[in-house]
Amino acid sequence: MDTAKKRVGASAKHIGRQNPGVLLKKRNFPRGHLFVRPGRASGKEIIVCEIRIARKRQLLPSHKYFFSELYRPDIKSSLISSEMPHLKVFCGFSRENARRLPRNAKTGISAEGGEKLDTPSKSAILKGRIAAAGGIRRRDCDGNSQTDKIIGRRRQETMQKTKPKSALAIFVKSVAIAAAATLAPAASAGEPSPCAEPAARLEGKHIDVCALPDGRLRVLDKRGKNVFEQLVPSNKILSVSQTGQSIEICMDAGGFRAVASVKICSDSAFELVVSADSKAKMEKPLAFPPAWKMEKSDTGIYPLGTGYAFPVDMQNIPVRAKTACCGGANWSMALSAAKRGDSVLVSAVATPCDALATNEYKEGLMHTAFEWIPQKGEFGYDRKMRFFVGDGLVDAMGQYRKWREENGFVRTLEQKAEASPRVNLLRGAANVWLWDDNATNRLYARPENPNAPKRDPRKIADEMVSLGMRRVLWNNFEGETRQDCLYLQKLGFLVGKYDIYRDVLPKPLVDKAIEFRVKRSVNTKYWPDIVRIGKRGDMALAWQVHGKDGKMYYQHSVCEICAFELTKINVPKDLKNVPYDARLIDVQAQSSPVECYSKKHPATRTQSFENIALQQKFLGGLGLVRGVECGQEYFAAEYEYAEGLLSPYPFRIPDAGRRMTDRLKRSELNPEMESFMLNPKYRIPLWELAYHDCAVNYWYWGVSSCICPEIMYKFDAFDALYGYPPIYSLDVSGWNLLKEKIAESYKRVSPIAELVGFEKMTNFEYLTGDKLVQKTTFSNGASVVANFGESDYALPGGKTVRPWSFALVYDR
Ligand SMILES: [Zn+2]
């Protein structure tokens, strides 16, 4: 009771004195009025909200209560601005602040002017009040008799103290107290401190984690002296309590109860586990925990492609509003991060298959959170997150990497090369897709050009060698002959072939689709048994192909379980004919996990992803160098190279997936290519700080390094900085035209990738304030300095890095 009393006393300080002369806003409700005035409290300007409740159409002036807001001017402006049509939600507080109120209080007050004001139960009022004051620590969320007793006792004591005249009076007062008590901690913003009014608190060496009575978490980075605080949870919080070294937040998860347990797990990391009955029917996603509340000067860090950083107040940040947490190039790692001062907070998902990342602007700032989606309609299993507080991005990602090692997500290229020695040939290997000039004509039902130059792999490979290109991953969509394959291997090239298991041409389309597609769909004979079945019994659709009639037709999507089975049938057979070194499996590893409702091969999202990993393991067992489209962290332990993670979808040229041999002028490029894909101000090596030594990333083939020869140097600069070799996707005519330029690009980039490509990235720095000179450092001591600016950059020791150039340096 003492605690509760103290809170009430403390809250009174925040009730300011209004200036009755100025009225900013007045609202009339059916049973009351709201007045908003400027005021002062403790020498600070505040906003005073005054509610007058009318009962039986009479004002009760003795029940005037003042709510005060001490905080930021932006709240003040939002309060009086016409952008806040929901002002009625709670007495003039912005909607967000209203949500900070304890649930019980909010329910009453959100009745918008008093419809429920006459009938709140006393216990609800008092629960709201006491919860707001942080006075109760419950052992569980079942409302057991002990808790009731405490509430009962408090109710009695409180009633005696306040001597309310009516339930209405208690209600209004409890809301006032709740508002002040709940909002009070935010008043100290600017001066970092652990929670002033926590319901529960945990302490680590470098962090303090508290839970506020409304279910928000607040974390203090003791080193960077920054505080991160969450938005108010959108779901109903039933209790916040502490048992030993664990905070427990009990909530209504939408028809069932869930408990989030928070524990410190290292000096600067804590874990959050959401548990519930695994059989609980889940109708909609569970959005808990909420996003960390952003501030104007924060930087948001997003696993878009290999990583981007944007100021959170930048408009039109090119991330999807909602994306699978395992989202390929859309969301390559199950994390989000925010930088405030020197502090970086990484929020990571340990159970990413049934999770979504949500990106939403609130008050003009981008907020990222995660939500849990049902596993075949049920809660399914405990959902886990871990939060890392880093002294800068490199420190935070170092912690993240270590944790992912424990998760089994990490297997290095060195380890992969021990199992398959051919992987060593990937060091610095330029990835060359050498297309026949008529390949795209055949694929897209265009007339073939009879005068196109012949695709002679031996001749072109010899040219590469004579131009100095010794390290090559030679890829082909349609496959080489056995003799050509052996010839290329003798040159030291890795010889790879394209393959796909996601799509199957349905039997009914065999007569309609163009001949070339029919020939390529080798798994049609297994249709429809292998098709993934949707929730409603529908056959899932896939990539469209051209019909003989000029129309486009959907193929069907193959279930991942079946795709694995087909891989076991198809690949060994193919290898018997042509002894390839490498295989690129299209689509699967860049896709989001999906459920299959087939009776023969049902799969949860997790099982789907496990089957893709098994498929990769199988290919590795055959000694193949494994390539995937885009890739993502879930499979990083399995594949060796990925195409497309460096090139996020929104920045590629339109329809890039079908334009593998196009060449564009700079003026023909979509603006996003240079403003985002090749913009050093936004790109960061986020993936690389966790997984550089696990996989080699190439650009997407539809936007390969030679898509626009005028700016090939831009692709090269990023490749060099990140320690990756280049990719060139082109037809024979393109090769004939560009071979010298390509060899120059190769010589600029591949030697660096050969040296650092299998190394861990240990550091990333901006060397200039405009972020245009950047430096990466690798575990073998080598560093790359890339100058993306327009003027020379002088390195210590006198070496100069020219604009859009780079240098390999050793600090040792
Ligand atoms: Zn299936």
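This note sets out numbered points on the predicted model shown above.

1. Basis of the values. Residues are numbered from 1 along each chain as its sequence is written, and side-chain values use heavy atoms, with hydrogens and water left out. Because the model is predicted, local features need pLDDT of at least 70 and side-chain atom pairs count only at pLDDT 80 or more, whereas totals for chains, interfaces and linings use all residues.

2. Overall composition. The protein chain contains 19 helices and 39 strands; helices (H or I, at least four residues) and strands (E, at least two) are DSSP runs, numbered from the N terminus. Of its 812 residues, 61% count as buried, where buried means under 20% relative accessible area, exposed over 50%, and partly exposed in between (1.4 Å probe, protein chains only). A contact is defined by heavy atoms within 4.5 Å. Among contacts between residues at least 6 apart in sequence, 65% join residues at least 24 apart.

3. Sheet 7-8-9-10. Four strands form an open, antiparallel sheet in the order 7-8-9-10. Its edges are strand 7 (200-203) and strand 10 (226-229), each of which pairs on one side only. The twist averages 15° from one strand to the next; angles run from 0 to 180 degrees between N-to-C directions, and axes are lines fitted to C-alpha atoms, for helices over the stretch in contact. Strand 7 and strand 8 (residues 207-211) run antiparallel and are joined by four bridges, with R201 opposite C210 in strand 8. Two strands are taken to pair if DSSP finds at least two bridges between them.

4. Sheet 26-28-27. Three strands form a further open sheet with antiparallel pairing, in the order 26-28-27. Strand 26 (503-504) and strand 27 (541-546) are the edge strands, each pairing on one side only. Strand 27 pairs with strand 28 (residues 552-557) in the antiparallel sense over five bridges. H546 stands opposite M552 in strand 28.

5. Strand 29. Strand 29 (residues 582-585) is covered on both faces: A582 and L584 on one side, and R583 and I585 on the other, are all buried. Strand 25 (residues 494-499) runs parallel to strand 29 and is joined to it by four bridges; the bridge partner of D499 in strand 29 is I585. Four bridges also join strand 29 to strand 30 (residues 625-629), again in parallel. Here R583 has R626 in strand 30 as its bridge partner.

6. Salt bridges. The structure holds 44 salt bridges, a salt bridge being a side-chain nitrogen of Lys or Arg within 4 Å of a carboxyl oxygen of Asp or Glu. One of them joins the side chains of D214 and R216 at 2.9 Å, N to O. D214 counts as buried at 6% relative accessibility, and R216 is buried at 2%. D214, R216, R218 and E229 are linked in a network of salt bridges. In the salt bridge between K362 and E360, the closest N and O atoms are 3.3 Å apart. K362 counts as partly exposed at 24% relative accessibility, and E360 as partly exposed at 42%.

7. The K714 to E674 pair. K714 forms a salt bridge with E674, with the closest N and O atoms 2.6 Å apart. K714 lies in helix 18 and E674 in helix 16 (residues 671-677), so this pair ties together parts that are 40 residues apart in sequence. K714 is buried at 8% relative accessibility, while E674 is partly exposed at 22%.

8. Among the buried residues are M712, F715, F718, L721 and Y722, together with D716 and D719. Just after helix 18, G723 adopts a positive phi of about 70°.

9. Packing of helix 18 on helix 19. The axes of helix 18 and helix 19 (residues 732-756) come within 9 Å and cross at roughly 15°. The two helices are therefore roughly parallel to each other; the term covers angles under 35 degrees, with over 145 counted as roughly antiparallel, 65 to 115 as roughly perpendicular and the rest as oblique. The crossing is right-handed, that is, the near helix is turned clockwise from the far one by less than a right angle, with anticlockwise being left-handed. In this contact, M712, Y713, D716, D719 and A720 of helix 18 meet K741, I742, S745, R748, V749 and I752 of helix 19.
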